[in-house]
Amino acid sequence: MSDPSAPAYVTAAAQPDIAVELADVTFAYDRRPVLAGISMVIPRGKVVAIMGGSGCGKTTILRLIGGQLKPQVGRVMVAGQSVPDLDRDELYALRRKFGMLFQFGALFTDMSVYENIAFALREHTDLPEEIVRDLVLMKLHAVGLRGAARLMPSELSGGMARRVALARAIALDPMLVMYDEPFAGLDPISLGVVGQLIRQLNDALGITSIVVTHDVYESLKIVDYLYFVSEGAIIAQGTAADVRASGDAFVRQFVDGEPDGPVPFHYPASPYRAELFARA
Amino acid sequence: MLDAAATGLADGLRRLGSGAIAAVGRLGYATRFFVAVVRETPAAFARLHLTLREVYFSGVLSLVIILVSGLFVGMVLALQGYDVLQRYGADESLGILVSLSLVRELGPVVAGLLFASRAGSAITAEIGLMKATEQLSAMEMMAVDPLARVVAPRFWGGVISMPLLAALFSTLGVFGAYLVGVRLIGIDTGAFWGNMQAAVDFRYDIVNGIIKSAVFGTAVSLIAVFEGFDAKPTAEGVSSATTRTVVESSLAILALDFVLTVFMFRGIS
Amino acid sequence: MSRSVLDLWVGVFVAMGIGAILFLALKVGNLVNWGSTPGYRLEARFDNIGGLKLRAPIKAAGVVVGRVERIKLDPGTYQAVVTLKIDHGYEFTTDTIASILTSGLLGEVYIGLDPGGDTKMLADGTRVTKTQSAVILEKLIGQFLVDKAANTGGK
């Protein structure tokens, strides 16, 4: 029997190939609720986007998958393991199979580009320096920045920093790569480059990619499936084709960039006339 | 009106109470943090280069301010000390006055305060900034414990640097006092050094001074790494964490100084 | 900052720090005299030791020959029992007088040893029989007042 929350195109035969699964996850920061009963499935080898407005919980989902946060209710399964139940050593072992691209790169500022990428290799493997060097240069070449190996992060442009961070994320050939707003603040050329790299690396390395973003245009070009999150719940999902043809009001507002719609323009306030003419 | 005053008072008390509880909670959190950092000590020394790097940033880069301040403090001590001592014909005790003041108190305390403001604030700002730019998160997600790789080396760098800096401060202070007392004022150099050597005891004065500076170093380093790690990941968060480090470290040094002095210097007999 | 340059600077810093500690220990403090210096012990009893403290110097002809090691009260005779640690190489006659003196008016209290003419020397563990207690200023003043009263009264 197929899982009702799985995307339609995931057949029964493909069921065992689920990389990440969230089931009925509820999470709140102190007393502020962020996610309310979210369920999603991310199949192996696919690029899946999680979209939504700012502050809707997209980054929280990534942190739950990565084990930085624990849900109050619900299951978070990665490669068959329940992430919140892992102890420290098991969690660290699992994280070695992840790569994560943080917003704006989060490169280690006291190290050069080369050393940033060599970091994971040196920490987690006993490979000799010559092999580390080859691997680092290979990763840098994949993102087109082999010539920038000796630069410091402060000397890089935004787009270059993002690409270096991408190279760092795939340094250990992970099984799952998570991208937190990879398109934020980039120029059009860099946007195209990053988008293409995400797709190509995913297919070439056989990894699973989760992209958290609100850039609809770039996402629709490269992803296999999208989830739309608003106010802590999934309000729409589908393949890129589904989304483009969708009649759902929220999806339409998002894709077309309409200022007003299911996500209101006006922040809740008292009636306009009453406030204007009120006595101070 | 009495009603309003009563509610205001109740409100104030409630805030005081919750503030006190929050402070105790924070103290508990800080203690757990301290234990976690100390537990990572083997990792910090396995990567010796990391810790040495922090000794450079905390210690070597503080040398200038410590040496210059030590020199000036010693010189001023000599001037002021001479002014008072010569009224009782005891100007040959200047060496004793200066050396004991420096070795027992001024060396550890003033060097500690300077260290807190120069190196402590830098450590807090650095860690806080790494937190704000998600570098610590990135490290965590790469399965490297930031406590072991970022925090513990900075903690031990501070602990190692402090006693050395305090000793250098005292040394420069004695030298400054020598310059003023013997060279400038004209006290007999033999009396200066001889009386000093007779009065300053290695175990009692110098070792106690070193113990003090080690304790201060631990306190300042711990506060600095904690406030940095705990800072809110914004510009204001980092800035207020840095201020808190300097204030809390200074108060801690002065309070610990009192406690240690009571236990250490109860009079020889 | 390359590793070797950094290591160099850290090395210089640590060397300076240790050098400072050594300077303080040797030039400022009395580390050279620290540790159990070889010596022998003598005992002396006083009615009043005044401001004598542990590790106070013991001087003969103004030269430091040892340190006060222990001060106790004899519960039977209510006398102060002082253990003197004298450096090897100095010997004193059995009729030596041990007095408690003050160097200068406000100076530190020390024990002065005045040897006599006896041919026999004090051995380790023996007692100095002739002692002179400290001069207590208040008693002097009291004595002076009593004498003054006696003089004026007798007139």
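This is a predicted model: local features need pLDDT of at least 70, side-chain atom pairs count only at pLDDT 80 or more; totals for chains, interfaces and linings use all residues.
A crossing of two helices is called left-handed if the near helix is turned anticlockwise from the far one by less than a right angle, and right-handed if clockwise. Residues are numbered from 1 along each chain as its sequence is written, and chains are lettered from A and ligands numbered from 1 in the order in which they are written.

**Exercise 1. Describe how helix H7 (residues 146-185) of chain B and helix H9 (residues 202-230) of chain B cross.**

Solution. Two packed helices are described by the angle between their axes and the distance between the axes. The axes are lines fitted to C-alpha atoms, for helices over the stretch in contact, with angles running from 0 to 180 degrees between N-to-C directions; the helices themselves (H or I, at least four residues), like strands (E, at least two), are DSSP runs numbered from the N terminus. On this basis the axes of H7(B) and H9(B) come within 8 Å and cross at roughly 145°, and the crossing is right-handed. Sorted by class, the contact of H7(B) with H9(B) has 14 nonpolar, 8 polar and 1 charged residues, where Ala, Val, Leu, Ile, Met, Phe, Trp, Tyr, Cys and Pro count as nonpolar, Asp, Glu, Lys and Arg as charged, and the others, Gly among them, as polar.

**Exercise 2. Characterise the fold of chain B from its secondary structure, its box and its contacts.**

Solution. Begin with the secondary structure, which comes to 10 helices and 0 strands, so that, by the DSSP runs used here, the pattern read along the sequence of chain B is α-α-α-α-α-α-α-α-α-α. Next, the C-alpha atoms of chain B fill a box of roughly 65 × 65 × 35 Å, taken along the principal axes. Then count contacts, two residues being in contact if their C-beta atoms, placed from the backbone, lie within 7 Å: among those in chain B between residues at least 6 apart in sequence, 87% join residues at least 24 apart. Finally, buried residues make up 50% of the 269 residues in chain B, a residue being buried if 20 or more other C-beta atoms lie within 10 Å of its own, exposed if 12 or fewer, and partly exposed in between, again with C-beta atoms placed from the backbone.

**Exercise 3. Is Leu48(B) buried or exposed?**

Solution. Leu48(B) is found in helix H3 (residues 48-58) of chain B. Leu48(B) is exposed, because 11 other C-beta atoms lie within 10 Å.

**Exercise 4. Work out which chains touch, and with what residues.**

Solution. There are 2 pairs of chains in contact, and of these chains B and C share the most contacts. That contact takes 22 residues from chain C and 28 residues from chain B, and the side of chain C that touches chain B divides into 15 nonpolar, 3 polar and 4 charged residues. Between chains A and B, 14 residues of chain A are in contact with 10 residues of chain B; the elements giving two or more residues to the side of chain A are H2, strand S6 (98-101) and helix H3 (113-124) of chain A, and H3(A) gives the most, with 4 residues. Chain A and chain C, by contrast, do not touch, their nearest C-alpha atoms being 11 Å apart. As for confidence, the model scores ipTM 0.80 and pTM 0.79, while chain C averages a pLDDT of 84, with 91% of its residues scoring at least 70.

**Exercise 5. Describe how the two domains of chain A meet.**

Solution. Chain A is divided into domain 1 (1-93 + 224-256) and domain 2 (96-209), with bounds that come from an automatic or database domain assignment. The C-alpha centres of the two domains lie 24 Å apart, and 14 residues of domain 1 are in contact with 13 residues of domain 2. On the domain 1 side, the largest share, 3 residues, comes from H1(A), and the residues of that side divide into 9 nonpolar, 3 polar and 2 charged.

**Exercise 6. Where does Phe104(A) lie, and why does Phe104(A) count as partly exposed?**

Solution. Phe104(A) lies in the loop between S6 and H3 of chain A, and its phi is near 65°, a positive value in a residue other than glycine. Phe104(A) counts as partly exposed because it has 17 C-beta neighbours inside 10 Å.

Conventions
pLDDT is the predictor's confidence in each residue, from 0 to 100.
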